[in-house]
Every structure is written in C-alpha cells, then in structure tokens.
Amino acid sequence: MCGIMGYIGSGNAVPLILDGLARLEYRGYDSAGIAILQGNEIQVRKKEGRLSGLIEAIGQPPAADLGIGHTRWATHGIPSDRNAHPHQSCDERIALVHNGILENYMALKKELCEEGHRFKSETDTEVIVHLIEKYYQDDLEAAVREALTHMQGSYAIAVISRDEPQKLIAAKKDSPLIIGLGEGENYVASDIPAILHKTDQVYILQDEELAVLTADRVAITDFSSAPVEREIFKVTWDPVSAEKGGYEHFMLKEIHEQPRVLTETLRGMIGEDGSVDMSGSGAEHLLREVKKIYIVACGTAYHAGLIGRYAIEKLARIPVEADIASEFRYRDVLWQPQTLMIVISQSGETADTLAALREAHRHGVPVLAVTNVVGSSVAREADAVIYTHAGPEIAVASTKAYISQILVMYLLALQLARPRPEAGDGIRRLSAELLKLPAQVEAVLKQEAQVKALAQKYQDVQSTFFLGRGLDFAVAMEGALKLKEISYVHAEAYAAGELKHGPLALIDHGVPVLALITQSHLVDKSISNIKEVKARGAVVIAICPGNLAGACAECDEQILLPDIDDFLSPLAAVVPLQLFAYYMAVFRQADVDKPKNLAKSVTVE
C-alpha cells in the first residue's frame with residue numbers, strides 16, 4: 001500500500017517524481033525517498049517522515065532524466081531513513097522501489113548473506129534488489145526476470161541501473177501498477193492520480209506482467225517473456241477532482257461530493273418503468289437463480305455489506321452472510337450450488353478481499369465485484385463488476401466511496417427482487433425514493449454548522465458510544481469507525497439491545513452516546529435503551545428524521561434528517577456521523593487525511 005512513482009524522458013525527473021509522490025502520499029507517509037541517475041552514478045535521498053521532509057532535504061531539484069521514488073507505509077522494519085525506499089545493491093549499480101510483501105524474504109536473505117551480500121535495512125524489499133544484483137550480467141531485464149522466479153508474495157516494483165541509463169523496468173504481482181504514456185517520456189506509478197496531471201493515457205499492468213520503459217517506448221511481456229498486447233486505457237477523471245477544490249481537507253471535500261456521487265451511481269440504473277435495470281453493468285446474468293449470497297469485505301466496505309445483507313434479505317428473500325474478508329478466507333465454508341459471492345472494495349486491491357474472491361473461484365462460485373477503481377485487481381478477476389463512480393478518493397477515511405457502495409447494495413437488492421411478482425409495486429416505490437437521495441443528502445449537509453458545534457463541544461472526551469437497532473446498528477458501526485480512525489477518540493458501536501449485556505458498565509457521567517433512531521418500528525425499543533444510558537449520566541445525541549423528533553425529545557441534542565424512507569435511511573444518517581468525526585479530528589488537531597498507522601489501500605494481509 002506504498003506509493004511508487006517513476007519517470008524516464010527528456011524532462012527533469014526530480015520535480016515530476018516528487019509531485020507524483022505528493023499525489024500518492026495517501027498510500028503511505030511514514031518515509032519517502034528518491035533515486036535518480038546523475039552521470040554514471042545513482043544518487044539516493046530518503047527520509048523518515050512525511051514527503052515534505054524529503055523535499056526540504058533535497059532543496060533545489062538536481063537535473064536527471066531517469067528516476068524512481070516511493071512513499072512508504074511500513075510492513076517490515078520501523079519507519080526510519082535506512083528502511084525507507086529506494087534500496088540499492090551492494091555495488092550501488094541498481095536501485096529499486098517496492099510495494100507489497102515478499103513472503104520468502106528470510107530464506108532468500110539467508111542465502112544472499114551466505115554469498116556475501118551486505119544488508120543495510122530491516123526490510124523485505126532490500127532482498128529483491130540484492131537478488132537482482134545476483135543475477136545481473138549486463139542485462140537488467142534478464143536479471144529482473146530471473147529474480148521474479150524466486151520471489152513469493154505480492155509486489156509491484158520499479159528498477160533502474162546506472163549501467164543501462166535509458167531503461168526503467170517495472171513488474172507486478174497482486175499489487176497495483178500502471179504505466180503513463182507521454183510524448184518522449186513515460187511514467188510508472190502505483191495509482192492513476194500520480195500521473196493524471198501529465199497524461200490520461202495509461203496501460204494497467206496485470207498480474208505477472210513486466211514492462212520495459214524507455215523515453216519513447218513501452219514493451220509489456222508476461223513473466224515468461226511472451227509479448228502482451230494491451231489497449232491504452234483513457235482516464236476520464238478530471239484532474240481537478242483529485243485536488244482539494246478549496247476545502248481544508250480532502251475528507252471534507254469528499255463528504256460534500258456525496259450528492260453528486262449518488263447521482264452518478266444512479267445514472268442508467270433506473271429504467272423508464274421506474275424499476276431497477278442493471279443490464280448495462282454486465283452483472284445481470286450472475287443474479288439469476290441465486291439461492292445463497294456471501295458478501296465479503298473489510299472495514300468500511302464491510303459495513304456497507306451489512307446494509308446489503310439487510311436489504312437483500314428483506315426485498316429478495318435470499319439468505320445472505322456478510323463476512324469480514326480476513327476471517328472469511330480461513331473459514332471452512334459450506335459451499336452450495338447457486339451461490340454468489342459479492343466482494344466490496346474501494347481500491348479493488350484489498351489483499352484479504354482478493355483472497356476471498358480467489359477462494360470462491362476455486363470452488364466454482366461466481367463473484368460480483370463492487371469497486372471504485374477501473375482496471376483494479378478485483379475488477380479484473382471478478383466475473384462481473386459494478387463500478388461505484390465515486391471518482392478518486394484521496395482521504396484515507398472513506399466517505400463518498402462508502403455511500404456509493406451502500407447505494408449499489410440497494411440497487412442489487414431491488415434487482416434480485418424483480419422475479420418476485422409481489423415485489424413489483426415495492427420495487428417501483430423504492431426506485432422512486434432512490435432518485436430523491438441526492439437532494440436529501442444535500443439537505444443533511446446544510447446542517448454542517450450544527451454538527452461542527454457539537455464536535456467543538458465534545459472535542460475533549462476520551463470515549464464515545466454509538467447505538468442503533470437494525471439498519472441503524474450497521475450505520476452506528478461506520479460512525480464509530482470514522483471517529484476512532486481520524487480523531488483517535490475511543491468509540492464503540494453496539495446494537496442497542498446489547499447494552500444490558502455488558503457495555504452499560506462503561507457508561508459514566510458526561511459520556512457522549514450517539515443514538516441512531518431512523519427505524520419507525522423500532523422507536524419504542526430504541527427510546528427505552530436511551531433512557532437506560534441517560535439514567536447513568538450519559539449525554540445522548542440523537543440522529544433521527546424530522547417526523548421522529550417528538551419521540552426523541554428526551555435526548556440532549558438532536559440532529560434532524562429529512563423525512564426519508566426508513567429502509568433507505570443509512571444513506572442520509574451516516575453523513576452527520578462523517579461530519580462529526582471530521583470536526584472532532586480538526587478540533588483535536590489530528591491529521592485528518594492521513595491518520596496515523598493507516599493507509600488508503602490495504603494490499604497486505
């Protein structure tokens with residue numbers, strides 16, 4: 001989940017690489033480094049900490065027309081100058097950057113040490129560059145190919161050699177890597193935003209592919225050297241969409257983009273007769289005759305999957321299991337005929353989700369992917385894909401991708417319900433309600449000032465609780481995750497009925513409890529739980545639609561939602577929780593877009 005950027009051409013590599021790394025810093029930011037070819041030597045500068053520290057250390061950018069750079073999210077070895085990438089061979093002829101995990105690095109390192117190689121870092125990555133050095137005989141491409149045959153694990157690598165100044169080698173397996181095409185210059189990067197300001201023409205490398213870049217040419221082959229013909233992928237994202245657009249942080253910008261994201265995701269999904277029509281997605285054939293569904297995802301995407309489970313079971317009457325991908329892959333699953341797996345991943349590169357996908361395929365189970373990234377590993381390996389059209393999401397904490405994932409879950413539920421004759425009127429009614437969602441979320445955003453004031457009021461608390469029943473519990477889980485991951489406030493979500501089974505012992509005077517109350521048929525039960533926490537001194541903040549405001553009168557604070565259909569309420573109810581988490585982080589002076597110890601795309605187990 002680190003950031004890779006490389007350049008070869010007639011321009012100055014250093015500012016181009018540093019600029020690309022700045023656009024990738026959401027992928028990793030505990031250290032950064034750059035290697036450039038100057039004369040007959042590779043010059044390496046690397047620095048623990050944010051990219052800004054490296055830029056300051058470099059000062060006036062030196063001239064170079066070949067280079068590679070990296071922003072790191074530590075997996076092997078603590079963040080430090082010596083563990084930062086790029087890493088070099090013993091003779092410093094070769095430099096390399098790497099994203100992923102080399103699983104057999106210990107055995108390889110032992111062998112290399114016995115052969116006289118000297119290591120300077122604690123990383124698995126340094127093993128790769130020494131392995132390439134071992135096989136290097138005046139042909140960098142051949143040496144990389146041979147090294148790849150000995151490597152186990154996930155990796156995206158970019159390699160340069162002082163002896164071959166007109167060449168940059170890139171290769172990948174299970175970690176994302178793209179090639180950007182320019183005029184008299186070419187780029188390699190781990191994600192499209194790094195190069196989008198320079199080119200919209202890219203090759204998306206697939207697993208076990210190697211690319212040789214010169215200033216004027218890109219040649220792609222598989223690991224066995226067979227040539228690969230690859231169509232150029234034209235990126236349609238507006239480069240401005242990857243910038244902050246006047247907002248203080250990417251996260252706030254992305255929260256405010258959610259009405260547009262809902263509109264984009266809905267486009268073409270509602271037919272003229274008012275029913276859901278997913279024929280344009282290519283997923284329709286997977287949804288026929290399904291008797292069992294597994295929804296598998298991680299983190300925020302898992303919370304979207306929980307809502308999907310509620311929606312599909314209610315509308316389509318198909319049994320659904322929602323599982324955390326890192327646990328599902330180790331289950332002894334009772335696979336059955338007519339089963340479908342739905343995997344959800346913002347980046348499309350989540351390692352545990354990919355492993356679950358592959359496990360399903362090993363048992364002959366088709367997989368439908370819900371992802372935000374065209375050409376990602378999940379998108380390529382699934383049997384069909386529904387894209388969420390959220391656009392680039394830069395903040396580590398997901399907001400607009402999450403809300404689009406929920407919307408897709410509802411659309412899938414409505415599509416799966418179509419064969420049920422008795423569901424017809426309900427499908428058309430809910431489809432009409434879906435079209436109102438962008439305006440309803442926009443209405444919630446207009447209450448930003450109120451949510452900001454609440455965050456300022458409670459900014460010094462050390463612990464919070466989130467409560468909900470049914471669909472509200474799934475939203476409560478996402479609200480708690482958002483608060484803890486960016487503001488570092490302890491936050492726990494509970495099904496409200498579970499309070500008396502233990503968590504009530506943690507309620508003290510002044511502890512904020514955010515209570516989601518959007519399900520009309522559960523209001524009485526929810527209010528009784530609120531009375532339990534208020535009796536023990538908690539301060540209750542209710543998130544409820546205006547038509548339930550009277551029922552929530554006993555709460556200390558209220559954030560009122562527009563009158564939205566109970567069944568679709570998660571799409572509106574999560575927005576004030578996102579804003580609350582954001583402003584809590586701001587008032588606590590946390591780094592909103594780059595929370596500590598986290599990265600955007602989790603490409604390791």
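How many of the residues of the protein chain reach a pLDDT of 70 or more, and what is the chain's mean? In this predicted model, where pLDDT is the predictor's confidence in each residue on a scale from 0 to 100, the mean for the protein chain is 90, and 95% of its residues reach 70 or more. Residues are numbered from 1 along each chain as its sequence is written, and side-chain values use heavy atoms, with hydrogens and water left out. Because the model is predicted, local features need a pLDDT of at least 70 and side-chain atom pairs count only at pLDDT 80 or more, while totals for chains, interfaces and linings use all residues. Confidence is highest in strand β12 (residues 209–213), at a mean of 98, and lowest in helix α17 (residues 523–534), at 79.

A look at the whole chain comes first. The protein chain holds 18 helices and 24 strands; helices (H or I, at least four residues) and strands (E, at least two) are DSSP runs, numbered from the N terminus. Its C-alpha trace spans about 75 × 55 × 45 Å along the principal axes. The radius of gyration is 25 Å, which agrees with the value near 25 Å for a compact globule of 605 residues; this radius is taken over C-alpha atoms, and the globule rule is 2.2 Å times the number of residues to the power 0.38. Of the 605 residues, 61% count as buried, where buried means under 20% relative accessible area, exposed means over 50%, and partly exposed lies in between, with a 1.4 Å probe and protein chains only. Among contacts (heavy atoms within 4.5 Å) between residues at least 6 apart in sequence, 72% join residues at least 24 apart.

Next comes an open sheet of eight strands, with antiparallel pairing and the order β3-β2-β4-β1-β10-β9-β11-β14. At its edges stand β3 (41–48) and β14 (233–234), each with a single partner strand, so one side of each is left without a neighbour in the sheet. Two strands count as paired if DSSP finds at least two bridges between them. Strands β2 (residues 31–38) and β4 (residues 66–72) run antiparallel and are joined by six bridges, with Ile36 opposite Gly67 in β4. Helix α1 (residues 13–24) lies across β1 (3–9), β2 and β4, at about 155 degrees to β1, and helix α2 (residues 51–58) lies across β2 and β3, at about 135 degrees to β3. For such angles, axes are lines fitted to C-alpha atoms, for helices over the stretch in contact, and values run from 0 to 180 degrees between N-to-C directions.

Strand β10 (residues 185–189) is mostly covered, with five of its five residues buried. Glu185, Tyr187 and Ala189 point one way from β10, while Asn186 and Val188 point the other way. Five bridges link β10 to β1 in an antiparallel arrangement, and Gly6 stands opposite Val188. Strand β9 (residues 178–181) also pairs with β10 in the antiparallel sense, over four bridges; here Tyr187 is the bridge partner of Gly180. The hairpin of β9 and β10 has three residues between the strands, and in this hairpin Gly184 takes a positive phi near 70 degrees.

Another open sheet has five strands with parallel pairing, in the order β16-β15-β17-β18-β19. Its edge strands, β16 (320–324) and β19 (384–387), each have a single partner strand, so one side of each is left without a neighbour in the sheet. Neighbouring strands of this sheet are turned by 20 degrees against each other on average, direction ignored. Strand β18 (residues 367–371) runs parallel to β19 and is joined to it by four bridges, with Ala384 as the bridge partner of Leu368. Helix α8 (residues 299–316) lies across β15 (292–297), β16 and β17 (339–345), at about 175 degrees to β16. Helix α12 (residues 400–417) lies across β15, β17, β18 and β19, at about 160 degrees to β17.

Val320 is found in β16 and is buried, with a relative accessible area of 6%. Leaving aside neighbours within four places in sequence, Val320 is in contact with Ile293, Ile295, Arg309, Ile312 and Glu313.

The largest nonpolar core has 101 residues, and among those with the most contacts inside it are Ile293, Ile312, Ile342 and Leu368. Such a core is a set of buried Ala, Val, Leu, Ile, Met, Phe, Trp, Tyr and Cys residues joined through side-chain atoms within 4.5 Å. Not counting residues up to four places away in sequence, Ile342 touches Ile293, Tyr294, Ile295, Val296, Ile312, Leu368, Val370, Met409 and Leu412.
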